[in-house]
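Open the model in your viewer and keep the selection panel at hand. The stops below say what to select next and what is there.

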Amino acid sequence: AEAGGPRDTAPGQQLRALFYALPPGESSFRTVEEVPDYVDKSIPFFITFIGLEFAVSWIQKRKLPGRINDGISSLSLGILSRLPDVLFRSIDLISYIYVWNNYRLFELPWDSPWTWYLTLLGVDFAYYCFHRISHEVNIIWAAHQVHHSSEDYNLFTALRQSVLQKYTSWMFNLPMALFIPPSVFAVHLQFNLLYQFWIHTEVITKLGPLEWILNTPSHHRVHHGRNPYCIDKNYGGTLIIWDRIFGTFEAEDAKVVYGLTHPVNSFDPIMLQLRPLAHIWNTFWATPGFCNKLSVIFKGPGWGPGKPRLGLPEEIPVITGKEVPFNPPVPAYLNCYALVHFAITVDLYTELLASISMLSQGTVLLRIGFIILSLASFGLLVENKSNAGILEIIRCLVFIGVYKLGYFRSQFSFLGYAYEV
C-alpha cells in the first residue's frame, strides 16, 4: 500500500476477518487511513457463504433456507444501510477521532497486543450495552427493529441493517476514545460487525464448549425469536459472556419462530425503515399527558400508560407453531424479473464503490438516487402491489436514459448491451 493509504488484504486474511481470527500482528495499524475496509472487501465472501448455506440446507433438509422476496428485501436493506458511507465517513469514526484529538487522557500503544485485546473487549461490551438499550428504548428500537423484521433466519438476514441505527450507536464507543487509538478501534468496529454475519444461520446447530464464551448461531437464533422465552435475550455481539454476567442469557429450547411480535408484512425497504418512526409519531400525539408522551419515546416498545417500563410479558402474542410468514402470491416470471434486475442493481452498487474516487459528486448522488428508486420498486414488485408496474416502467426509462448518457457503468463491459435490452 502507498504510505498513509489503506492496506490491501489477502483473500485468506479477509476470510479470517469474518471470524475475528486475524491476530494483532496482522491487524494493527498506526493510522486510521491505513486500516482496510474489511466490510466492503467481504462482499465476495458474503455471496460465497450464502451459496454454501443454500447447498448445505438443501442437503440437510431438502429445502432452501429462505425465500426470494425476503432475500431481496434483506439485501436491499443492507445496501441502503451502506449508502450514507459512500458520501460520508462513518459517524462512529468521526465522533471517536474528535474525542481522541481533544479529550484523550492517555495513549495506549497502537502496536501492543494488550491494546488489541482490550479493544476487542471494549468494543464488544459497548455493543452489548447499545444492543440492549436498542431493545429497551422505543426511539432506538424504531431503527434496530429493521434487523428483526425478517420471518426467515439465514445469512441474508445478517445483511438486513438499518440506515438510522449507526446514528444512535456511536456514543457508546466514546469512552474508549479517552485512551485507545482510533486505528485500533476502527479495526475492531469492523471485526465485531463481520463476526455477526456467520451466526445468522440454521445450518449450524451447537458448537460445544464454545457456546459458553462466544456468541453462536444457536444463541443468536434465540435473539431473533418472537417466542416469549426469546424476547430481550442474548444481546452479545462476539462474546456471550456479557449476557451471562448481566442475566440476559437464554439457551435455545423450543423451536424458534422468527420476526417481530407484530409482523410488518412488507418487503418494501423504505417502508420498513420509516413506518416504526411514523408509529411513534402517531402514538406520541395520541397519548395524553406530557410525561406519558416522553415515555412513548424513551420507554420500551411494549410500554403503555399504567404498564411497566418494558411492557407486560403476558401481552406478547402466544406462539402456536402454526405461524405462516408473510408470502403474497407472485407469478414465477415476476420473481425471476425482480431477481435479474436486483442483480443488475447490485452490480451498479459494487461498481460505485470501486470507482467512487473518480466520480463527480453529482454522478454519485444520481447513482445513489437510482439505487434507492430501484430497491423501492423491487420491494413493491415482490409484494405484487398494484402500483408496482408504473414505478418499474419509470425506473427502467430512467435507467436507459442515464445509461446511454454514460452516468452508469457495469463492472463487466461485455454486459453493456444486455443491460440496455
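Select Arg67, Asp70, Ser149, Ser150, Glu151, Arg160, Val264, Asn265, Ser266, Phe267 and Phe326: these residues line the largest cavity. The model is a predicted one. The volume of the largest cavity is about 50 Å³, and its lining divides into three nonpolar, four polar and four charged residues. How many cavities of 30 Å³ or more does the structure hold? There are two.

For the second largest cavity, select Leu348, Arg367, Phe370, Ile371 and Phe408, which line it. About 30 Å³ of space lies there. By class, four of the lining residues are nonpolar, none is polar and one is charged. Now show helix 16 (residues 361–383), which supplies three residues, the largest share of this lining.

**The second largest pocket**

To centre the view, select Trp141, Thr261, His262, Pro301 and Gly302, the closest to the pocket centre of the 47 residues that line it. Then colour helix 6 (113–136), helix 7 (138–148) and helix 13 (269–286), the elements that each give two or more residues to the lining. Sorted by class, the lining has 21 nonpolar, 18 polar and eight charged residues. Colouring by domain shows that domain 1 (11–246) and domain 2 (271–314) each contribute at least three residues to the lining of this pocket.

Stay on helix 7. Is helix 7 mostly covered or mostly exposed? Helix 7 is mostly covered, with 10 of its 11 residues buried. Select the buried ones: Asn138, Ile140, Trp141, Ala142, Ala143, His144, Gln145, Val146, His147 and His148. Trp141, in this buried set, is also one of the residues closest to the centre of the second largest pocket.

**Annotated spans**

Select residues 117–248, where an unreviewed UniProt entry places the feature "domain: Fatty acid hydroxylase". The chain over residues 117–248 is 52% helix and 0% strand, and its end C-alpha atoms are 24 Å apart.

Next select residues 334–421, which the unreviewed UniProt entry gives as "domain: Alkylglycerol monooxygenase C-terminal". Here the chain is 76% helix and 0% strand, with 17 Å between the end C-alpha atoms.

UniProt also lists residues 364–382 and 388–407 as "transmembrane region", again in an unreviewed entry. Select residues 364–382: the span is 100% helix and 0% strand, and its end C-alpha atoms lie 27 Å apart. Residues 388–407 are 85% helix and 0% strand, with the end C-alpha atoms 25 Å apart.

**Two positive phi values**

Move to the loop between helix 11 (217–223) and helix 12 (241–246), and select aspartate 232. Most residues other than glycine have a negative phi. Phi of aspartate 232, however, is positive, near 60°. Aspartate 232 counts as partly exposed because its relative accessible area is 25%.

Asparagine 234 is also in the loop between helix 11 and helix 12. What is phi for asparagine 234? Phi is positive, about 55°, although the residue is not a glycine. Is asparagine 234 buried or exposed? Asparagine 234 is buried, because its relative accessible area is 0%.

**A buried glycine**

Select glycine 311 in the loop between helix 14 (290–298) and helix 15 (332–355). Glycine 311 has a relative accessible area of 10%, so it counts as buried.

**Cysteines**

For the last stop, show the cysteine sulfur atoms. How many disulfides does a search of the whole structure find? The search finds zero disulfides. Cysteine 396 is in no disulfide, and the nearest cysteine sulfur, that of cysteine 336, is 16 Å away. Cysteine 396 has a relative accessible area of 25%, so it counts as partly exposed. Finish on cysteine 291, which counts as exposed because its relative accessibility is 59%.

Technical notes: Residues are numbered from 1 along each chain as its sequence is written. This is a predicted model: local features need pLDDT of at least 70, side-chain atom pairs count only at pLDDT 80 or more; totals for chains, interfaces and linings use all residues. Side-chain values use heavy atoms; hydrogens and water are left out. UniProt positions are given in the numbering used here, feature names are shortened, and annotations may be inferred rather than shown by experiment. Helices (H or I, at least four residues) and strands (E, at least two) are DSSP runs, numbered from the N terminus. On a 1 Å grid over the protein atoms alone, a cavity is a set of points where a 1.4 Å probe fits but cannot get out, and a pocket is an open set with protein on both sides within 12 Å along at least five of seven lines; lining residues have an atom within 4 Å of a point. Ala, Val, Leu, Ile, Met, Phe, Trp, Tyr, Cys and Pro count as nonpolar, Asp, Glu, Lys and Arg as charged, and the others, Gly among them, as polar. Domain bounds come from an automatic or database domain assignment. A disulfide is a pair of cysteine sulfur atoms within 2.5 Å. Buried means under 20% relative accessible area, exposed over 50%, partly exposed in between (1.4 Å probe, protein chains only). Grid points are joined across faces, edges and corners, and a volume is the space filled by probe spheres set on the points.
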